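This briefing is written to be read alongside the sequence and the three-dimensional view. Please keep both at hand while going through the points.

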Amino acid sequence: MIKVLFFARLREQLNCEGLELDCADLSTVTDVHQHLLQQYPGWANFLEDRKLLVAVNQTLVKPQHPIAAGDEVAFFPPVTGG
Amino acid sequence: MISVQTADFDVAGEYAALTAGDVDAGAVVLFVGRVRELNLARQVTGLLLEHYPGMTEKALEEILAEARSRWQLIRCRIIHRIGRLTLGDQIVLVGVTSPHREQAFAAAEFLMDYLKTRAPFWKKEMTSDGEFWVDAQEKDEVSAQRWKDQA
């Protein structure tokens with residue numbers, strides 16, 4: 001299993017803080033993204049935003065980053081702190 | 001040292017801590033970011049700051065390590081507040097000490113530029129027209145990018 005988290009505007013748009021996914025067939029962040037789009041078609045408008053960032057185990061990564069059981073994968077909008 | 005906290009911070013106390021017992025730090029730069037009333041022509045009454053617990057601390061530690069690898073720094077301090085803030089409240093403090101001012105100025109600016117584009121904080125503005133998530137600004141990414149070009 002992997003843990004998927006959503007933050008800020010994206011969390012509100014999806015009305016979901018996070019979920020758990022069976023990762024047997026998921027090898028990269030892109031696979032996770034595709035899986036979410038298939039499972040939740042209503043999320044397409046928000047998850048297909050090209051500006052979204054993704055972190056695996058709390059480090060920013062690129063879409064081709066590998067996924068392994070136990071990983072924490074977070075999707076979120078560009079950051080606006082400071 | 002980094003702190004992510006709801007509580008306010010005391011700049012004089014942070015200055016004292018950055019300089020206590022150290023006679024090598026000829027330069028101290030302290031930056032404080034505050035909640036301002038007008039943002040992109042919207043009348044702001046307050047802010048809500050959300051973050052990604054765990055990743056925030058990790059990202060700030062990485063940013064500090066990067067600054068330490070680039071400049072001769074003696075002490076570094078980052079404080080970022082989360083939760084509900086009102087007009088004029090302090091949001092963020094970056095403090096660095098160095099033997100030399102050029103290093104201290106550059107490092108403080110780098111820390112802010114990287115914090116604004118790499119650390120997982122998000123601002124939601126409270127305005128008379130409702131609550132709005134703040135959009136990331138292109139100019140912040142441009143500011144952060146110039147350090148990469150110099151690396």
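In the second largest pocket, α2(B) makes the greatest contribution to the lining, giving 6 residues. The model described here is a predicted one. The points below take up this pocket, then a sheet of chain B, and finally a strand of chain A.

**The second largest pocket**

- The volume of the second largest pocket is about 260 Å³.
- Its lining draws on both chains: chain A provides Gln58(A), Thr59(A) and Leu60(A), while the residues from chain B include Met55(B), Ala59(B), Glu62(B), Ile63(B), Glu66(B) and Arg70(B).
- Also among the lining residues are Tyr114(B), Arg118(B) and Lys148(B).
- Two or more lining residues come from each of these elements: β4 (59-60) of chain A, α2 (55-70) of chain B and α3 of chain B.
- By residue class, the lining of the second largest pocket consists of 5 nonpolar, 2 polar and 5 charged residues.

**The four-stranded sheet of chain B**

- Chain B contains an open sheet of 4 strands in the order β1-β5-β7-β2, and the pairing within this sheet is mixed.
- At the edges lie β1 (2-5) and β2 (27-34) of chain B, each of which pairs on one side only.
- On average, neighbouring strands of this sheet are turned by 10 degrees against each other, with direction ignored.
- Strand β5 (residues 75-81) and strand β7 (residues 90-98), both of chain B, are joined in the antiparallel sense by 6 bridges.
- Within this part of the sheet, Arg75(B) has Thr97(B) in β7(B) as its bridge partner.

**Helices packed on the sheet**

- Helix α1 (residues 11-19) of chain B packs on the sheet and touches β2, β5 and β7 of chain B. The direction of helix α1 makes about 155 degrees with that of β5(B).
- Helix α3 (residues 101-118) of chain B also packs on the sheet, touching β2, β5 and β7 of chain B. The direction of helix α3 makes about 145 degrees with that of β7(B).

**Strand β1 of chain A**

- Is strand β1 (residues 2-6) of chain A mostly covered or mostly uncovered? The strand is mostly covered, as 4 of its 5 residues are buried.
- β1(A) runs antiparallel to strand β2 (residues 18-21) of chain A, and 4 bridges join the two. In this pairing, Val4(A) stands opposite Leu19(A) of β2(A).
- β1(A) also pairs with strand β5 (residues 72-76) of chain A, here in the parallel sense and over 4 bridges. In β5(A), the residue opposite Val4(A) is Val73(A).

Technical notes:
Residues are numbered from 1 along each chain as its sequence is written. Chains are lettered from A and ligands numbered from 1 in the order in which they are written. This is a predicted model: local features need pLDDT of at least 70, side-chain atom pairs count only at pLDDT 80 or more; totals for chains, interfaces and linings use all residues. Side-chain values use heavy atoms; hydrogens and water are left out. Two strands pair if DSSP finds at least two bridges between them. Axes are lines fitted to C-alpha atoms, for helices over the stretch in contact, and angles run from 0 to 180 degrees between N-to-C directions. Contact means heavy atoms within 4.5 Å. On a 1 Å grid over the protein atoms alone, a cavity is a set of points where a 1.4 Å probe fits but cannot get out, and a pocket is an open set with protein on both sides within 12 Å along at least five of seven lines; lining residues have an atom within 4 Å of a point. Grid points are joined across faces, edges and corners, and a volume is the space filled by probe spheres set on the points. Ala, Val, Leu, Ile, Met, Phe, Trp, Tyr, Cys and Pro count as nonpolar, Asp, Glu, Lys and Arg as charged, and the others, Gly among them, as polar. Buried means under 20% relative accessible area, exposed over 50%, partly exposed in between (1.4 Å probe, protein chains only).
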